[in-house]
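Visitor: Hi, could you walk me through this one? I have the sequence and the model open beside me.

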Protein chains: 2
Amino acid sequence: MVTLAEVAQHAGVSASTVSYVLSGKRSISANTRQRVERSIRELGYHPNAGARALASSRSNVIALMIPLRTDMYVPVMMEIAIAVATTARTHGYDVLLLTGEEGPDAVRRVAGSGLADGMILMDVELDDERLPLLRGGGPAARAESRVGDDQPAVLIGLPADTTGLTCVDLDFKATGALCVEHLAEHGHRDIAVIGEAPAVYERHTGFAERTLDGLRGRARELGLRLLHRPCEGGYDAMAVTLARILDERPGTTGFVVQNESAVEPLLALLRQQGRAVPEDVSVVAICPEQVAVQASVRLTSVAIPAQEMGRRAVEQLVAKFEGRGGDEVVLLAPELTVRASSGPAPGRP
Amino acid sequence: MVTLAEVAQHAGVSASTVSYVLSGKRSISANTRQRVERSIRELGYHPNAGARALASSRSNVIALMIPLRTDMYVPVMMEIAIAVATTARTHGYDVLLLTGEEGPDAVRRVAGSGLADGMILMDVELDDERLPLLRGGGPAARAESRVGDDQPAVLIGLPADTTGLTCVDLDFKATGALCVEHLAEHGHRDIAVIGEAPAVYERHTGFAERTLDGLRGRARELGLRLLHRPCEGGYDAMAVTLARILDERPGTTGFVVQNESAVEPLLALLRQQGRAVPEDVSVVAICPEQVAVQASVRLTSVAIPAQEMGRRAVEQLVAKFEGRGGDEVVLLAPELTVRASSGPAPGRP
DNA sequence: GAGAAGCGTCGAAGCGCTTCGACACCCGCC
DNA sequence: GGCGGGTGTCGAAGCGCTTCGACGCTTCTC
């Protein structure tokens, strides 16, 4: 293993000079810099992460807490995770992967041990038990038992109370509203919402409820009828859900789907029942782009900007490290892409 | 931030004693241990990871390299990653998430900097460029430019040459054979294989080719006709692929599918063409359990044991850390679960 | 009852790096 | 020609922990 000292000796300078070449925190003459860089290359030097962390009390690591469950919106999670990892690298950070398993203890452990400089939390619940540890800022919060002095953190998702927190998320309320608007414009009056699995609502993962808020609010404003039904993914569950919906509201012509694994089953079932999409029935999905494009009918959809969310989260966090920008809620504006699954309601031009 | 020294002072012992209480590397009287543990609790002490790594030259971190692509077998990747993370925690390790993006450089960086004690690589290609850096053991290898002195590593996947490497994977060759056998037993004579996307074969990700080996070998032995067609996921691609297959081999009654995102489209298309599953046509999938269960027809399938793979990879790696066990190839035996998508060929009891 | 053998604890020496203050030197200026 | 102010480099002091050898005490053995 090559050390700083060896590089210094090889280049004929002192250790501190090598360090300054590496960090750029003091000016170094071009000549010296080149000699040092050459030595680094020749010896194949890599700075020791532990020593660095110890001396500088910065680990250059970002912790990412992902949910333990692998049963829902997996592709979204994965995309976010990858976006976080790659974006972090461009800022010189590595990513530590934590699962929700440990719960709040993981926050304490990571913060306390200096394993990471900050953390990004995914799948935040409305009243997440990890939040009290993370709130910064407010004088009220200061008094509480928080982690050391500010463990910088960014949430992907939106808890009920965002005081002292930085959050990044899609604006799900606007997303809901957008879907309803689109269907309303095409003359649909009776809309059914295929929601996430009941468990998602029970956990109070905010996004599902916020979407519902948006859907309901807009429907009310526009005078539409809206029926919401949670749905486990899969064909069987969807069959049951759909039957109930059509039983209760036979006149339904517009569907909004927020459960990836219900999308294809829904299309199959509609087809099977002789309801053509988009001639008889319109479907709008809230899902990753790829799902929308690969479905058996190319779906009109609001994309979940997973990459963007991951990227923004990292950037917010890095900004915090650098003392820039404080607590902030970043809500990404939804964009609805019209594809082949939606059109005028029957009997409308 | 609380330090070891503060704990020591609080407990009225020396720093080294506290350290030994923590590590258990020397015997400590029950009395002293309790005093120390109490102080640790009262002060909320967390050992500093950097200092620890520096002093012990062990980081207690495992690096996990996942593929950058988010376009295929995502759920499998995610499940493996989560299994790795949770298993690692039970052994006292954290997981550093690396994307394939950096390529071999990531291996050098992590190994050289002591960021991790070892690594797990996913999505290994047959002749992966990261491998030369990782081979241990063999005297021939010793001569090559390897990373320091052995960066312990475990691959998930199986490269062409496994000398000096430890690998964990599903036995895809046996998997292929198993699928063919199942169909053969039911009297199917003409079998079509819907493979992964062409890109997967071009990259020489071994698993796809090994599956094909198994399929072909067994088909030859049993005298069956086998047609293999790669297929991008999605409805449209599947439609084209299926049309070609049925054009070329109209008598096809058995399908083996190895592409998650082709499964549902295939079922939909068959249905649409009036071919009943399993009465007219049998389908066997190689996919995660959940996909098989959630499909519109409950699929006979060989499950991809993602969790098991992640767990085993970590255990192999930890064994290496502890000097136990050398290079080894762990191939998990496939298990075929019969569900509702396969049965006797038409005209067979 | 003296010596051997453990056991439990301590002190000190680093691990490889960052960073602060000091210092030498060179430039330009009055 | 001396002085102020940059600029580039160095030395040394830690960062918080692990670990080795040493040491004193108790217990055992003959």
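Visitor: Let's start with the open sheet in chain B: how many strands form it, and in what order?
Guide: Six strands form that open sheet in chain B, in the order 7-6-8-9-10-12, and the pairing is mixed. Strands count as pairing if DSSP finds at least two bridges between them. Helices (H or I, at least four residues) and strands (E, at least two) are DSSP runs numbered from the N terminus.

Visitor: Which strands are the edge strands?
Guide: Strand 7 (225-229) and strand 12 (336-337) of chain B, each of which pairs on one side only.

Visitor: And strands 8 and 9 of chain B, parallel or antiparallel?
Guide: Parallel: strand 8 (residues 254-257) and strand 9 (residues 282-287) of chain B pair over four bridges. In strand 9 of chain B, Ala285(B) is the residue opposite Val257(B). In general, strands of a sheet pair through backbone hydrogen bonds, either parallel or antiparallel.

Visitor: Before I go on, what should I know about the model and the numbering?
Guide: It is a predicted model, where local features need pLDDT of at least 70 and side-chain atom pairs count only at pLDDT 80 or more, while totals for chains, interfaces and linings use all residues. Residues are numbered from 1 along each chain as its sequence is written, chains are lettered from A and ligands numbered from 1 in the order in which they are written, and side-chain values use heavy atoms, with hydrogens and water left out.

Visitor: Good. On to the two protein chains: how many residues of chain B are in contact with chain A?
Guide: 49 residues of chain B contact 49 residues of chain A, where contact means heavy atoms within 4.5 Å. Together the two chains bury about 4200 Å², with 66% of it on carbon and sulfur atoms. Buried area here is the accessible area (1.4 Å probe) that two parts lose on being put together, summed over both.

Visitor: How many salt bridges are there across that interface?
Guide: The rule finds four between chain B and chain A; it asks for a side-chain nitrogen of Lys or Arg within 4 Å of a carboxyl oxygen of Asp or Glu. One links Asp94(A) and Arg109(B), whose closest N and O atoms are 2.7 Å apart.

Visitor: Which element of chain B gives the largest share of the side touching chain A?
Guide: Helix 5 of chain B, with 10 residues. By type, that side of chain B divides into 24 nonpolar, 14 polar and 11 charged residues. Ala, Val, Leu, Ile, Met, Phe, Trp, Tyr, Cys and Pro count as nonpolar, Asp, Glu, Lys and Arg as charged, and the others, Gly among them, as polar.

Visitor: How does strand 2 of chain A pair with strand 2 of chain B?
Guide: In the antiparallel sense, over three bridges, with strand 2 of chain A covering residues 94-99. Leu96(A) has Leu96(B) as its bridge partner.

Visitor: Which side chains come up to its bases?
Guide: Among them, Ser16(A) has a side-chain N or O atom 3.2 Å from a base oxygen of DNA strand D. For Arg26(A) the distance to a base oxygen is 2.8 Å, and for Tyr20(B) the distance to a base nitrogen is 2.6 Å. A polar contact is a pair of N or O atoms within 3.5 Å; within protein, one must be able to donate a hydrogen and the other to accept it, and residues adjacent in sequence count only if both atoms are side-chain atoms.

Visitor: Last one: how far apart in helix 3 are Arg38(A) and Glu42(A)?
Guide: They are four residues apart in helix 3 (residues 30-43) of chain A, so about one helical turn separates them. Arg38(A) and Glu42(A) form a salt bridge, with closest N and O atoms 3.2 Å apart.
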